[in-house]
Amino acid sequence: MGQKVFLSLSAPSKQAVPATTPDDDYLPAAPLLHRFERGDEVVYYNAFTHNWVTRDRGAPEPTTAEVDELAAIDFRFTPLEMLADPHLMRVEITQACNFQCTYCIVFENDLDQLHQHMSVATAQSLLEWYHQNMPGGTVMLIGGEPTLNWDACKVFLDGMPVEAGKELYTNGILLSDDDIRYLRDRNVSIRMSVDGFERHHRQRVNHAGQTLYDQVIDRFQAMLRLGADVGINCTMTPHNLPDMVDIHHHFVRELGARHINYSIPHMTVNSDVADGFDMDTYTAAMLEIYDDAKRNGVYVAQIMKRLAYIARKRFKAIGCTVIGPEVTFYPDGKRTLCTKLDSHPKTSSVTPQDIYANLPFFMSDCRQCSAIGICGGGCYWDAKTRFDRFQDMRECDFQRKLLERMLWDVVDWSRSSDDFPRMLNDVFHTKMFG
Ligand SMILES: C[S@@+](CC[C@H](N)C(=O)[O-])C[C@H]1O[C@@H](n2cnc3c(N)ncnc32)[C@H](O)[C@@H]1O
Ligand code: SF4
Ligand code: SF4
């Protein structure tokens, strides 16, 4: 014990793509702390525990005893703690759609059971499965366009407890005011796709090539007006990325959005629409959006899902819930690990055990990374197809820069409020901090 290892990450650099094999001996040889500087201050940070201490710059470095204390990690802990009982059920309620978006993860990937609807009988048997296996858990209704199979949606929405989590992913076009009231009264979180201004919706068109943008915005505003819980899912591609910050301001200031998700593009085998996606531009925009979210009380999923781990001092072991609390069902009721992994010969033999054994926690390069505690590796489909490992390395630099920014905020919030992290509920318009 006692050898000091500080990694200075004040000027983050990109890491080379490392080897894919897990380490046999994954315990670090010495305590590993990351060191960041800001003005006259230095923070030393344990990326596994999210513990930190600050010093004035120029003050003596922490003593060996202090380093040992800060660097301590309970190695009885493993990522297994995240492989909890299932409490998230993803239902592909239909693999049909009234749109044909250029980047669609379903159609541009030729997923299994394309164009098939789930029958009401299958929906009923899955609802039964829900009651028996995860009562009170959350159900995501997705596809394809779930509103095309409204009867099957209603089996879940009527058959689940009002207080249980229910999420509907939709392009919104088919939802009438009455449908929206119905969703509101059943406590459904609507995740509506809006990719920016009208010109950006050339990537989201119906089969006649129309964006129907006015209708999309009209339906989003109806959801807000009628008091439904609605958030925007905005898929970033090279097409809308240059305008990302303007899009964000428009969503917040003009449309009144308070919950936004800015996805980076998933791999599609038939389309190159996501190729050439510039992560540096995305990162710079997200850091601006982060500041705006703090000022205006906006929940941005890519930020909050990471900040929550630092604030609660929990290690994020998995990048996607499919090897944790989530189970996924196709329209015919068949269970699958992941529709994307499952539908392609190169990835269809991937098992949860493969993913588990190759999590960042077991990777020597990831163990050196300041962002390991907020990472989990990202999407396994993207990771495997793009990098032939289970880490989506597109996100590394973004995560390290965001980590440093959030860490300093956590330092400031901890000093200025006795009510940290609960006070983050007000800052980011959320209830996630208890
Ligand atoms: C597959 S759609 C299904 C629900 C509904 N049809 C919709 O478009 O909202 C769910 C979300 O995935 C997003 N999406 C589709 N293809 C994607 C891709 N290649 N990368 C990232 N997100 C994608 C969509 O924009 C949408 O927000
Ligand atoms: S509306 Fe949704 S499911 Fe339909 S093509 Fe677009 S992204 Fe895919
Ligand atoms: S950001 Fe994640 S995937 Fe990238 S090196 Fe760090 S821990 Fe590994």
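Here are some questions and answers about a predicted model.

User: Happy with that! Which elements do the buried residues of α6 pack against?

Analyst: Helices (H or I, at least four residues) and strands (E, at least two) are DSSP runs, numbered from the N terminus. In α6, residues 244-254, the buried ones (under 20% relative accessible area; exposed is over 50%, partly exposed in between, with a 1.4 Å probe and protein chains only) include M244, I247, H248 and F251. With contact meaning heavy atoms within 4.5 Å, the buried residues of α6 pack against α5 (213-225), β9 (229-235), β10 (259-263), α7 (279-296) and β11 (299-300).

User: Are α3 and α4 roughly parallel or roughly antiparallel to each other?

Analyst: Two packed helices are described by the angle between their axes and the distance between the axes. Axes are lines fitted to C-alpha atoms, for helices over the stretch in contact, and angles run from 0 to 180 degrees between N-to-C directions; under 35 degrees counts as roughly parallel, over 145 as roughly antiparallel, 65 to 115 as roughly perpendicular and the rest as oblique. Helix α3 (150-159) and helix α4 (177-185) pack at about 25°, with axes 11 Å apart. The two helices are therefore roughly parallel.

User: Which residues of α4 does α3 meet?

Analyst: From α3, the residues taking part are W150, K154, L157 and D158. Their partners in α4 are D179, Y182 and L183.

User: Which residues surround ligand 2?

Analyst: A residue counts as near a molecule if one of its heavy atoms lies within 4 Å of it. By that rule, ligand 2 is surrounded by C97, F99, Q100, C101, C104, G144, N171 and R204.

User: Where does the cis peptide bond sit, and what is its omega?

Analyst: Most peptide bonds are trans. Here a cis bond joins F420 and P421, with P421 in the loop between α13 (396-416) and α14 (424-428). Its omega is about 5°.

User: What is the phi of D110?

Analyst: D110 lies in the loop between β5 (88-94) and α2 (120-133), and D110 counts as partly exposed at 42% relative accessibility. Its phi is positive, in a residue other than glycine, and near 50°.

Technical notes
Residues numbered from 1 in each chain as written. Chains lettered and ligands numbered in written order. Predicted model: local features only at pLDDT ≥ 70, side-chain atom pairs only at ≥ 80, totals over all residues. Heavy atoms only, no water.
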